[in-house]
Amino acid sequence: MEHQDMDAAPSLNALGREQARVLAEALPYIHAYHGKTFVIDYERSIAGRPVAWNSMGRDLALLSLIGLRLIVVHRGGALNAELVSLINRHGGRAVGLTGVDGGFLKLGAAPMREHCPAGIEITGVDATLLQMHFARGFLPVIRPLASAPDGQVCPVDGGQVAAAIAAHLRASKLIIMRDSAGLEDAEGHVVHRLSAAEAEALGADHSNANFVRALRSGVGAVHVVDARRPDVLLLEVLTCESRGSLVLPDGIAGVVARSAQYLSPDERGDET
């Protein structure tokens, strides 16, 4: 038994060293992002994969606890309450909202109709309610609903909501979680780093228009990541292990591209 304990000690020490290394490598990211605003656009309508779903709740709680100001836009209806509960179970302080609450999402004028008009646009964001929750340490989880000028409660495109909030708050990052590995080129290969203009060209169906508009309105960067992967948020935010797509404003993307040619492949790494 004593011999077995001695054999286990090196592996336990190795595990401890690895955990210490991971924490040490995360420290610069934690320092850089403390107090910064990140908007998470969760595009999946259902939880789907329990491991990834639980991981997302844990990761959101952790990122909030280390000082990031997070907002999650989630289209899941009743699953919004489940996500709020999941984050809270992992030690976070989440609160469920819609754009109707406090009237913080402003919709464009629309004629009186029996049903909400398709493609109704957000014309403004009043961040007072969000700032109030931030000041008290809460993490807002937002269902994309808003009141039209005629009083109807209308569903709004979640991507538009996330992009509008991110642009209004000048968020450091807008992270889009999809059922795909990232943005793909015509051959189906994931493009890991690109400019807003390049992303706009890839989205021939205007699927990227919302986040491109956010980048051009002051958002620092957009990450498109695979929501099916456990730990994807922590890997994307606190490490250089990004495997999704990083989209930068046009001017910044050009500087990064020109700088990269002066770095060796071993030094280049991924943009954080």
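**Figure 1. Salt bridges in the predicted model.** The whole structure holds eight salt bridges, a salt bridge being a side-chain nitrogen of Lys or Arg within 4 Å of a carboxyl oxygen of Asp or Glu. This is a predicted model, in which local features need pLDDT of at least 70 and side-chain atom pairs count only at pLDDT 80 or more, while totals for chains, interfaces and linings use all residues. Residues are numbered from 1 along each chain as its sequence is written, and side-chain values use heavy atoms, with hydrogens and water left out.

**Figure 2. The salt bridge of Glu43 and Arg178.** The closest N and O atoms of Glu43 and Arg178 are 3.2 Å apart. Glu43 sits in the loop between strand 1 (37-42) and helix 2 (50-65), and Arg178 in strand 9 (residues 173-178), so the pair ties together parts 135 residues apart in sequence. Helices (H or I, at least four residues) and strands (E, at least two) are DSSP runs, numbered from the N terminus. Arg178 is buried at 14% relative accessible area, whereas Glu43 is partly exposed at 29%. Buried means under 20% relative accessible area, exposed over 50%, and partly exposed in between (1.4 Å probe, protein chains only).

**Figure 3. The network of Arg58, Asp59 and Asp231.** Salt bridges link these three residues in a network. Between Asp59 and Arg58, the closest N and O atoms are 2.9 Å apart. Asp59 is buried, with 1% relative accessibility; Arg58 is partly exposed, with 33%.

**Figure 4. The salt bridge of Glu25 and Arg21.** The N to O distance is 2.6 Å. Both residues belong to helix 1 (residues 2-33), where being four residues apart separates them by about one helical turn.
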